[in-house]
Protein chains: 2
Amino acid sequence: MTRWLDADEQRAWLRLAGVMLKLSPALDSQLQRDSDLTHFDYLCLAMLSDTEGRTLPMSELASRTNASLSRLSHVVSKLERRRWVARIPSPESRRVTLVTLTEEGWDVLVKAAPGHVETVRELVFEGLPPEDVAALERVAGHIVERVEASRLRTTT
Amino acid sequence: MTRWLDADEQRAWLRLAGVMLKLSPALDSQLQRDSDLTHFDYLCLAMLSDTEGRTLPMSELASRTNASLSRLSHVVSKLERRRWVARIPSPESRRVTLVTLTEEGWDVLVKAAPGHVETVRELVFEGLPPEDVAALERVAGHIVERVEASRLRTTT
């Protein structure tokens, strides 16, 4: 027996599908046009810039950017060719690879950040009341947790 | 002066980025695996199935699937080669092209729907209280409207 969506869920679902179909390309196109970056490139640089020593293990960067290790590895190689990040062996374990943001990568991020943040503010937060900011965090967090839990179930 | 995101906005934003990065691939992979469809293919068939006569003008289907006309046109051609939809001239205006769902397309949708809806329910709505369903509709609707308004501003 399929449990179909009720009318409220259906409306909410179509809106969320709209966000996925429209917001991602809009963010990508501003970053591409102004900074030659995809939104995912930006997220990698931003997550590194935001940690002590601007360095993270690959697995931790994957988790903070919501990416699989294979997708991240592909993007890190691209960013490495541009000299914006570097892979370095972990001094603590041979099995761990670290990624570090270079000075050039930091400069790229600093230049890209104002335009990107303005776009996010304009497309998402402008006119959104504080209780809806909280609701967005709660609902989106719920969805991310459910997707992760389902991925764990199917891979084990 | 860049108006940076405050801590609440920053947290909400990272969660929403997570939804865009994780939910889309999860939906695509279930539909691809079980029905050989992308989520966007599915949305096109579903929007057509849901109208009187299972037929819509291209421009109206573009708006209901949150897509640009050029993206939609590409996908409609693919679905047409599979004989799931057909383009027909409008009896009312030569400048309008209609898309109609074929019987084969309807059958494909009817077979795909239960698995897709179960996935949406599992990844999004399971455990989400009714007030958060309403909040999701409200916040996602707000974002879609802002992206559309900004697109209008940049193209005019």
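**Entry 1: terms and model**

I count a polar contact as a pair of N or O atoms within 3.5 Å; within protein, one atom must be able to donate a hydrogen and the other to accept it. I note at the start that this is a predicted model.

With that rule I went to the interface of chain B and chain A, where I find 24 residue pairs in polar contact, both residues at pLDDT 80 or more. On the side of chain B that touches chain A, the elements giving two or more residues are helix H1 (7-35), helix H2 (39-49), helix H5 (103-125) and helix H6 (130-155) of chain B. I sorted the residues of that side by class and got 33 nonpolar, 11 polar and 18 charged.

**Entry 2: extent of the interface**

How many residues does each chain give to the contact? I have 62 residues from chain B and 62 residues from chain A. The two chains bury about 6,200 Å² between them, and 66% of this area is on carbon and sulfur atoms.

**Entry 3: salt bridges**

Side chains of opposite charge can pair when their charged atoms come close. I searched the whole structure and found 26 salt bridges over all chains. Across the interface of chain B and chain A the rule gives 12 salt bridges. I wrote down one pair there: the side chains of A:Glu137 and B:Arg11 meet with N to O at 3.1 Å.

I also took a pair inside chain A. A:Lys78 forms a salt bridge with A:Asp41, and their closest N and O atoms are 2.9 Å apart. What does this pair tie together? A:Lys78 lies in helix H4 (residues 69-81) of chain A and A:Asp41 in helix H2 of chain A, so the pair links parts that are 37 residues apart in sequence.

**Entry 4: chain A layout**

I listed the elements of chain A and have six helices and three strands. Read from the N terminus, they run α-α-β-α-α-β-β-α-α. The C-alpha trace of chain A spans about 55 × 40 × 25 Å along its principal axes.

**Entry 5: the cavity**

I found one cavity of 30 Å³ or more in the structure. About 100 Å³ of space lies in this largest cavity. Its lining has 14 residues, and those nearest the centre are A:Leu16, A:Leu136, A:Val139, B:Leu16 and B:Leu136. Helix H1 (7-35) and helix H6 (130-155) of chain A, together with H1 and H6 of chain B, are the elements that give two or more residues to the lining. Which classes line the largest cavity? I count 14 nonpolar residues, no polar and no charged.

The largest pocket holds about 560 Å³ of space. I have 24 residues in its lining, with A:Met20, A:Leu21, A:Ser24, A:Pro25 and B:Ser24 nearest its centre. The elements that give two or more residues here are H1 and helix H2 (39-49) of chain A together with H1 and H2 of chain B. H1(A) gives the largest share of the lining, seven residues. By class I get 11 nonpolar, seven polar and six charged residues for the lining of the largest pocket.

**Entry 6: B:Thr102**

Where is B:Thr102 placed? I find B:Thr102 in the loop between strand S3 (97-101) and H5 of chain B. Its side chain reaches the backbone oxygen of B:Arg83 at 2.7 Å. A polar atom of the B:Thr102 side chain also lies 3.0 Å from the backbone nitrogen of B:Gly105. Leaving aside neighbours within four places in sequence, I have B:Thr102 in contact with B:Arg83, B:Trp84, B:Val85 and B:Ala86.

Terms used
Residues numbered from 1 in each chain as written. Chains lettered and ligands numbered in written order. Predicted model: local features only at pLDDT ≥ 70, side-chain atom pairs only at ≥ 80, totals over all residues. Heavy atoms only, no water. Contact = heavy atoms within 4.5 Å. Buried area = accessible area lost by both parts, 1.4 Å probe. Salt bridge = Lys/Arg side-chain N within 4 Å of Asp/Glu carboxyl O. Helix = DSSP H or I, 4+ residues; strand = E, 2+ residues; numbered from the N terminus. Nonpolar A, V, L, I, M, F, W, Y, C, P; charged D, E, K, R; others polar. 1 Å grid on protein atoms, 1.4 Å probe; cavity = no way out; pocket = protein on both sides within 12 Å on 5 of 7 lines; lining within 4 Å. Points joined across faces, edges and corners; volume = space filled by probe spheres on them.
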